[in-house]
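Reader: I have a model on screen and some questions about its fold. Can we go through them one at a time?

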Amino acid sequence: MTNETNDNYQVGGKSFTAVAVNTASKAGEWIQTKSNQANRFTSKGSASDLVTEVDKGAEKLIRNLIQTYFPTHSILGEEGADPGAEGAAKALQAVKDDEYVWIVDPIDGTTNFIHGFPFYSVSIALAYRGEVIVGVIYDPSRDELFVAEKGKGAYVRGKRVTVSGEERLADSLLATGFPTERQAMLPLNMNQLSAIIPGARNVRAGGSAALHLAYVAAGRLTGFWEMNLNAWDIAAGMLLVQEAGGRVTDLSGKPYNLAVRNVAATNGLIHDELITELSKANK
Ligand code: 2AM
Ligand code: CA
């Protein structure tokens, strides 16, 4: 993505995607150097909703870098928002009329990071008038960078990727995640698992929504669904999946927008079947 229409904002003529890539990889490298301090966490909201000093430091680093290149752009970040669905809605509302909004999750998979389970990522997306045009996810544990530009495809380590070819849930490897709002969500979560597991090849719950979406794009997972996510968990991965030829909707099958919290992302081929099976669980 070049930003010819906007070059009065640029420092050194960097494209949006180049800034997203450099920022995500820099933040990821910094996070890895802190992995031995990860258990110095604080709790925000509930016992399983952990936030480390590293999350805050990484978001600051990311904000500083983006603002250096694009000082007029807005930034919507996990650590800048109040906790919970209401906080996320308020943060989204505050930037909804802004032209360029960077959507940042400094560590997606904070719980994994704290435990040293190497499945977490940095997620950075750029939306132009509400539409995601760049999505970058960096996995520092594997040094894997996933990059998508609107209309230009999805890439892993610089190689173009496409979604997988399974046509039925029975042949599909799926992933999901469990919302932190346990009390309210647990019964529905259990119903969904009961509805999906018997008919699928198997289900994983790795603990980073962004990385699961990147894996759908790369054809490593057939599909992914999760409830109660925020824009910063989904936005970059959503574009990766779409640009890899997949489909992303809410759990009722409506098209994705930045306010969607209950998300399904698949290779496209199994999408309707997944939505249908999940809707049985919701009854
Ligand atoms: P996080 O690590 O950035 O918080 C795991 O199932 C997924 O849920 C992760 O992407 C995780 O993102 C996200 N998650 C964890 N706690 C959450 C919360 N309270 N609200 C929304 N998403 C959450
Ligand atoms: Ca997150």
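Reader: Is Arg129 buried or exposed?
Author: This is a predicted model. The relative accessibility of Arg129 is 57%. The exposed class starts over 50%. Arg129 therefore counts as exposed.

Reader: Where does Arg129 sit, and what is its phi?
Author: Arg129 lies in the loop between strand 5 and strand 6. Arg129 is not a glycine, although its phi is positive. The value is about 50 degrees.

Reader: How many bridges pair strand 5 and strand 6?
Author: Strand 5 covers residues 121-128 and strand 6 covers residues 131-139. Tyr128 has Glu131 in strand 6 as its bridge partner. The two strands pair in the antiparallel sense, and the bridges number seven.

Reader: What is the strand order of the sheet?
Author: The sheet is open and has seven strands with mixed pairing. From one strand to the next, the twist averages 20 degrees. The order is 3-4-5-6-7-8-9.

Reader: At what angle does helix 6 run to strand 6?
Author: Helix 6 spans residues 209-217 and packs on the sheet. Among the strands it touches are strand 4, strand 5 and strand 6. Its direction makes an angle with that of strand 6 of about 100 degrees.

Reader: And what is the angle between helix 2 and strand 4?
Author: Helix 2 takes in residues 53-69. It lies across strand 3, strand 4 (100-108) and strand 5. To strand 4 it runs at about 150 degrees.

Reader: Is Thr52 buried or exposed?
Author: Thr52 belongs to strand 2, residues 50-52. Its relative accessibility is 1%. Buried means under 20%. So Thr52 counts as buried.

Reader: Which element gives the most to the lining of the second largest pocket?
Author: This pocket has a volume of about 250 Å³. Of its 19 lining residues, those closest to the centre include Glu131 and Asn257. Strand 4, strand 6 and helix 7 (231-243) each give two or more residues to the lining. With three residues, the top contributor is helix 7.

Reader: Is Arg157 buried or exposed?
Author: Arg157 is in the loop between strand 8 (153-156) and strand 9. It has a positive phi of about 50 degrees and is not a glycine. Because its relative accessibility is 53%, Arg157 counts as exposed.

Technical notes: Residues numbered from 1 in each chain as written. Chains lettered and ligands numbered in written order. Predicted model: local features only at pLDDT ≥ 70, side-chain atom pairs only at ≥ 80, totals over all residues. Heavy atoms only, no water. Pairing = 2+ DSSP bridges. Helix = DSSP H or I, 4+ residues; strand = E, 2+ residues; numbered from the N terminus. Axes fitted to C-alpha atoms, helices over the stretch in contact; angles between N-to-C directions. Contact = heavy atoms within 4.5 Å. Buried < 20%, exposed > 50% of the residue type's maximum accessible area, 1.4 Å probe, protein only. 1 Å grid on protein atoms, 1.4 Å probe; cavity = no way out; pocket = protein on both sides within 12 Å on 5 of 7 lines; lining within 4 Å. Points joined across faces, edges and corners; volume = space filled by probe spheres on them.
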